[in-house]
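Open the model in your viewer and keep the sequence panel beside it. The stops below say what to select and what is there.

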Amino acid sequence: MGLQKAYLDKSSASGRAVYASEDLEPGSIVASGYSVGGVFVLPDQSDAICNFCLEEGSARTTLRRCSACKLVTYCSTAHQREDWKLGHKHECKVSQSQRRSGRVKPAGPTERLCGRLLLAAAEGSTPKRHNASDRISILMTHKEDYLRNQGTDLIMMATSLAFFLGRKVSRDQVNSDPELYLRDEIEMICRIQCNGVTITNSNLNPLALGLFPEICFFNHSCDPNSIISYRFDDKQGQMCATVRLIKPVKKADELCIAYADVLQTVMTRRNNLQNGYCFLCKCARCDSEEGLAYTDSIKATELRLDEIQRLYRWSRSTEAGQVLNSLRSDPERDQSCPLVEAKLFRELSTLAVRAGEYDKAASYFRIALENMQAARVCEYSPIIGVTLALLGKTLLFLELVEESARVLRRAVDALTVAYGNDEEIVLDCQLLLEQALHEQAQKEMKALSV
């Protein structure tokens, strides 16, 4: 665990940075680490996955809801028991109390993670492997920046967290000196906002919030040479994060990950990074895209795509489809931005697959990939690999086996670099590739026999 073939420099211009200790190729693992305090499922996923290991419910895996608070689900009694010891015993009691007192909105992932870490520091009650005090005390908080930029919202969150922890802080105390009476809560919220990550599955769907101290020293780039993947370690009973290279690097090159969606425009990326991490991104990619026209039409399209993703998360796919189709047929849509077009056609392809319109889906996947390449997204980026995998599967369904085999081979190459050989999506792609090659061979033999 920790850095591998890399080292931490605390004297860099950006404060702290990770550098390669030797020349490295794509696919090399440069860091790994376990979560502290557990993982915290996003509200829209709370009924669909286990709140301890993030396994999806299926015919093979039955999820059972906590009978007391009814807010979280688990795939097994063993995982429910582990999460109870890790901190759910407090959250469960608080959630029941809040429901009785009429609080409609339950505690969110950030509030729950902060609460667990503060309780662990105060009581020392969590299992040793999850002990967070030493591992997170060295992480940056940027408290002054967050207070300056998000002061009112931050104080409201800290007040809610204090209530969640059972601390009695009066309104007069909060109004007179919030940094005194809510010091621990403010500092922990800042630390989580600055260092917490959204855990995604191999298809890049957001699942949960987690904190992995060992990987928090990687700086941001909108054109990253490294990516993070996540898996549950059954032996350790913890979520593990792994950082792999997706580009070749030379010795002493800085290793960077992306804090923002690489398919967003420079304006949106910078706004999100400024609001979420309190810095203005000046990476090489942002500087090169700074002069690109960001028309009102592009901005409107991007906002509508964000709306579509929210509708999908809320299981309102019919409305999402209506917005998508109206957006695609909009004669005033500015098509000059490949990033926005890539996001649009990737969403359209997913919608077409759900509707069983596989010819359209294949066409949309191709357009999405063309736009990603035009935007110079790295060939080993997971977004490229996942899109190739979906296109290859669609082509196989359409019996276009030769093209399917070519596309799936590229998908396997990209996803193996990003996730390693044993990730489920890589194994699935390999099986599909074998099927496509088998069908292609049968097709060639049949043609020869005619």
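Select Thr200 and look across to Pro206 in β9, which stands opposite. This is a predicted model, in which local features need pLDDT of at least 70, side-chain atom pairs count only at pLDDT 80 or more, and totals for chains, interfaces and linings use all residues. Residues are numbered from 1 along each chain as its sequence is written, and side-chain values use heavy atoms, with hydrogens and water left out.

Now show both strands. Strand β8 (residues 197-200) and strand β9 (residues 206-210) run antiparallel and are joined by 4 bridges; strands pair if DSSP finds at least two bridges between them. Strands (E, at least two residues) and helices (H or I, at least four) are DSSP runs, numbered from the N terminus. The hairpin has 5 residues between the strands, and Leu204 takes a positive phi near 70°. Color β8 by face: Val197 and Ile199 are on the covered one, Thr198 and Thr200 on the uncovered one.

Next, select Leu54. Leaving aside neighbours within four places in sequence, Leu54 is in contact (heavy atoms within 4.5 Å) with Val39, Val41, Ile49, Ile199, Leu207, Ala208 and Met239. A second, separate core of 55 residues includes Ala352, Tyr364, Ile384 and Tyr419. A nonpolar core is a set of buried Ala, Val, Leu, Ile, Met, Phe, Trp, Tyr and Cys residues joined through side-chain atoms within 4.5 Å. Buried means under 20% relative accessible area, exposed over 50%, and partly exposed in between (1.4 Å probe, protein chains only).

Go on to the open sheet, where 4 strands lie in the order β1-β4-β12-β11 with antiparallel pairing. β1 (2-3) and β11 are at the edges with a single partner strand each, so one side of each has no neighbour in the sheet. Between β1 and strand β4 (residues 29-34) there are 2 bridges; Gly2 has Ser32 as its bridge partner in β4.

What packs on this sheet, touching β11 and β12? Select α15: its direction makes about 120° with that of β12. Axes are lines fitted to C-alpha atoms, for helices over the stretch in contact, and angles run from 0 to 180 degrees between N-to-C directions.

Helix α15 (residues 401-419) has 19 residues and reaches 25 Å from first C-alpha to last, close to the 27 Å expected; the expected span is 1.5 Å times one less than the number of residues. Its buried residues include Val401, Leu408, Leu415 and Tyr419. Among the elements covering them are α14 (382-397) and α16 (424-449).
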